[in-house]
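Dear colleague,

I am handing over the structure below for you to look through when you have a moment.

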Amino acid sequence: MSRDDPDGPLGKLDDLDGRVLREVRWLWESLDPAPADLVDRIRFAVELEDSEVEVVRVIEHREVAGVRGDVHSRMITFAGGTVDFMVNVQARGDGTYRVDGWLSPPAPHEVEVRTPAGPLRTSANEDGRFALGRIPSGFVQFVIRPRGRTSAVSTPTMTL
Amino acid sequence: MSDRVRDLHQRAIEEINSGRPAVGARLLREALRLADRAEPLTARLLGTLAAAEVAQGNTGRALELLDEADEVVTAEDRHLLLSQRALVAVLTGRMDDALSLFDDAILRLRRTDQKAALTRVLLNRGMLHQIAGRVRLALADLDQCAQLGASLGPDEGMPRTVAKAVHGRGQCRVLTGDIPGALRDFDIAAEVYADQGQGMLAVLAGDRARALLAAGLPSEAATELDTFLKRVPELRMGHEHAEAELTMARARLAAGDPAEARRWADRARLHFRRRRNDTWAAVAELAMLRADFAAGNGTVRVARAAARLADRLRSLGLRNDAEEADLLAARTYLARGRTAEARVHLSGRDRPGAPLTTRLLRRLVLAELGAAEGDQRRTFAEARAGLALLREHRGRFGSLDLQTGTTSLGGELARAGLAAALENGRPEVVYRWLERSRAQAFRFPPVRTPADEHTVDAVAELRQLAREARAAELKGSQDTDALRRARQLEREIRAKGWRTDGVGGRSAEVGFGEVKAELADADSVLVSFLVDGGRLLAQVVGDRRADLLGLGGTAAVFEAIARLRSDLDAACGRRLHPALEQVIHTSIRRQLGVLSEHLLDPLLPAIGDHNVVLVPTGALSAMPWGLLDALRGRPVTVTPSPSAWVSAKRTTRPAGPVLLVGGPNLKHSSDEVRRLARIYPDSTVLDGDDATVDNALAAVNRSSLAHFASHGHHEQENVLFSRLDLVDGPLMAHDVHQLAAVPDHVVLSSCDIGQAVVRAGDEILGFTAALLYSGSRTVVSSVARVDDEAAVEVMTAYHRALARGVPPGEALADATRSEPLMPFVCHGWGG
């Protein structure tokens, strides 16, 4: 194979290559398109200011068995190294959500809900209980700043 | 050649009538190029083109065209130009000119046999009367138009003219408060428009929104308008667009959002101005001033602006709007304490045929004048008269949905009366105003909407969709298409009910003395809660006493209830991390502590050791009372109003068959039903595959006691579709409203189904409320989640006690004693 073989690995891209690559791009775009909100999501996620953030895992996000109702709220439990917590997200019917939360170990940790419209902040009471009244629908991320620590704990980005 | 011109003219008329004036104008200009100037048709073409220009907002151009047409018109066609000129006058706000032009045209036409033309001009004059607030004259013209048009048969576009007359009749009915009748008229018109005028369907949506607004359903009105506003740009209906914006402003105002209301009103005003429609721009200005006042900006500047606007509206020929502006001026002066100036603007009196809102507003302002001048008697009299008007209005509604929707003026009248009553302080006066200002819908006899074929089909489809959606949900996915279709069906079914007339008549108010006697008989005290500014108050009425007690801050109490209910949901039915469980239980204790302190402790001395009958307000309707330590083991009954409690207490029916139903997808429901079947050996049991909606509805009709152990779901946003899951789909609150008879006593061993949506005036809607309205005396249901397994023990204990003859309140108190977190509440009558 000579160095200037146009079809070899070192050959320059020609029109045919361009066409093939466009076809491949079209193929992937049709078969497995990027989510429409991918860029927004990435932008939203990288804007988090703290560099030292522990991201917690979702350990339970489903309807509970053993009760006589069905989904009208979302209960999500998160577990991490520093704190565990649970939130109950309820639609208010006017496009906003009420969030109730419980933190363990209980202490007046600072709680921030990041939304595209800016952060909403509150603080848990000494028993580890917090609530936020009106969160707009869209992306959210819960960030807990545990008392007495410099690092923060964050959930992955979620959509309300 | 002239055939081609005639064809173009006909097509242009079609386009304009279908809401596409620009297309029509193009066709007409082409026709005018082809037409012979000397032909009589030319005048018609010019006249129609003028109409198309008006529809696009070019009134100046339209007048030029009409002047041009005047020169070539034949005597026979004169009326056409007169009425077209009249239309321009309407749209530029010269109502009196318009009326004499129409009168002239109608006089000329009555001398000829041009019946079709006469029909059309009658329609237009009817609409003019309606805009100017002359409802009776409007109805006379519109009825004559509809009759004449119908006699002419389907030629010459008559069905559409008749439809427009019926449509206009509906608009008049909205003004007189006959909402079901208006909605029926709109339906009739819609059928014709669907065939021959898509554009008019959009206009109809705007009118339907105004009807819903008048019925006190502002968010429903906003939904209709959203659809309309989305369609309007493509239809290019400038005037209708602006009118819809104005209605949107009113809807936002009624929903308590004055800032948003002002934005919409301002937008409408600009659009009307741009179209040189001074009349409607002035009406939009009135909406802006109303929004200013509602936002608390009751300055003298606003008062003066309203007074000036009143004069302008009067000179424009809009009497109703002028009156409203005057009343607003008076109200604003009152808010500044300037009673003398306020009186000046209150000099008028109700005209016969004035719209309900104007009449209510006058009562309200007069009541406020009484309060400002320390004339309590006047405040009571005016507020009472206003509420009586409103009651009469609501009595015309057959659907509970409309009966419970109160106009915001109703709420303000009730507040004015209640404030005066609190100032007066006499227990029976306070009692009477509490009774008068809440749960009025309970005093209307229930009306069952006759189910038409379409609704029956829609309900069947909805049940099927709900079942599919539920199946998807259980598998952890969500069928969004099915959900969307379900929302649409729910809306259709619900809207059908709005068209039903009320049957009139209502049950009497139960007096103070009577209530005290009944309370003594039941060894009970009555606690009625009310919000007074930022604080909660309670009136405690017993056999011998009546106290008005101050409780905690409203916001703190309502927040504690919201937290408690979320805590209960979080604690229920899941295996939790012990540390988190600890946090949740600590919170439950803390909220119960807050609620005891602010809600109950101040009442305890007055309650003594009696049974308790509670009349909640707002968020208190979702309070799990039995969880409070001081009430544990004590019979507690929750009722919408004292009158509702007394009538439930006095109802006695012989015991009859028992129905037990076990719903699907629960581990312990069959067990519960089996155990209860041993307590009631002759009961009908529907479990497993037998627990279908049809079986349940057929059996529930005949039963005096019914027990459902199933999944329950409260729909906050669409309460009539709150439901119990059965094996083939849900049994909905809507189904309950259709039942000819409901059991005396219903136990809903399900989650959440005791919750309600609380409308102004503490009118409640929900599954439990549906049963109570339909005549159930006692409903036991839960205001939060219920643990499947624990429910079995509680319910078995409850029914064992009932079977021994223990009254429901006491039976429930005993049954939940060992399960401290069971959020069941006894509604209606508890013994």
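The contact between the two chains draws on 34 residues from chain A and 43 residues from chain B. Please keep in mind while reading that this is a predicted model, and that every value here is computed from it. Between them, chain A and chain B bury about 3000 Å², of which 49% lies on carbon and sulfur atoms.

On the side of chain A that touches chain B, at least two residues each are supplied by strand E3 (73-79), strand E4 (84-91), strand E5 (96-104) and strand E8 (129-136) of chain A. The largest share of that side of chain A, 6 residues, comes from E4(A). Sorted by residue class, the side of chain A that touches chain B is made up of 13 nonpolar, 11 polar and 10 charged residues.

Turning to chain B as a whole, there are 36 helices and 16 strands in this chain. The radius of gyration of chain B is 31 Å, close to the 28 Å that the globule rule gives for 831 residues, so chain B is as compact as a globular protein of that length. The C-alpha trace of chain B spans about 100 × 65 × 50 Å along its principal axes, and 59% of the 831 residues of the chain count as buried.

Most residues other than glycine have a negative phi, and most peptide bonds are trans. In chain A, the peptide bond from A:Ser104 to A:Pro105 is cis, with omega near 0°, and A:Pro105 sits in the loop between E5 and strand E6 (110-115) of that chain.

In chain B, B:Asp523 has a positive phi, near 50°, although this residue is not a glycine; its place is in the loop between helix H26 (512-521) and strand E1 (524-532) of chain B. With a relative accessibility of 40%, B:Asp523 counts as partly exposed. B:Asp752, likewise a residue other than glycine, has a positive phi near 65°, and is found in the loop between strand E12 (745-749) and strand E13 (757-759) of chain B. Here the relative accessibility is 2%, and since the cut-off for buried is under 20%, B:Asp752 counts as buried.

Finally, I would point you to helix H34 (residues 767-774) of chain B, which is mostly covered, as 8 of its 8 residues are buried. The buried residues in H34(B) are B:Phe767, B:Thr768, B:Ala769, B:Ala770, B:Leu771, B:Leu772, B:Tyr773 and B:Ser774. H34(B) is followed by B:Gly775, which has a positive phi near 120°.

With best wishes

Note on methods
Residues numbered from 1 in each chain as written. Chains lettered and ligands numbered in written order. Predicted model: local features only at pLDDT ≥ 70, side-chain atom pairs only at ≥ 80, totals over all residues. Heavy atoms only, no water. Contact = heavy atoms within 4.5 Å. Buried area = accessible area lost by both parts, 1.4 Å probe. Helix = DSSP H or I, 4+ residues; strand = E, 2+ residues; numbered from the N terminus. Nonpolar A, V, L, I, M, F, W, Y, C, P; charged D, E, K, R; others polar. Rg over C-alpha atoms; globule rule 2.2 N^0.38 Å. Buried < 20%, exposed > 50% of the residue type's maximum accessible area, 1.4 Å probe, protein only.
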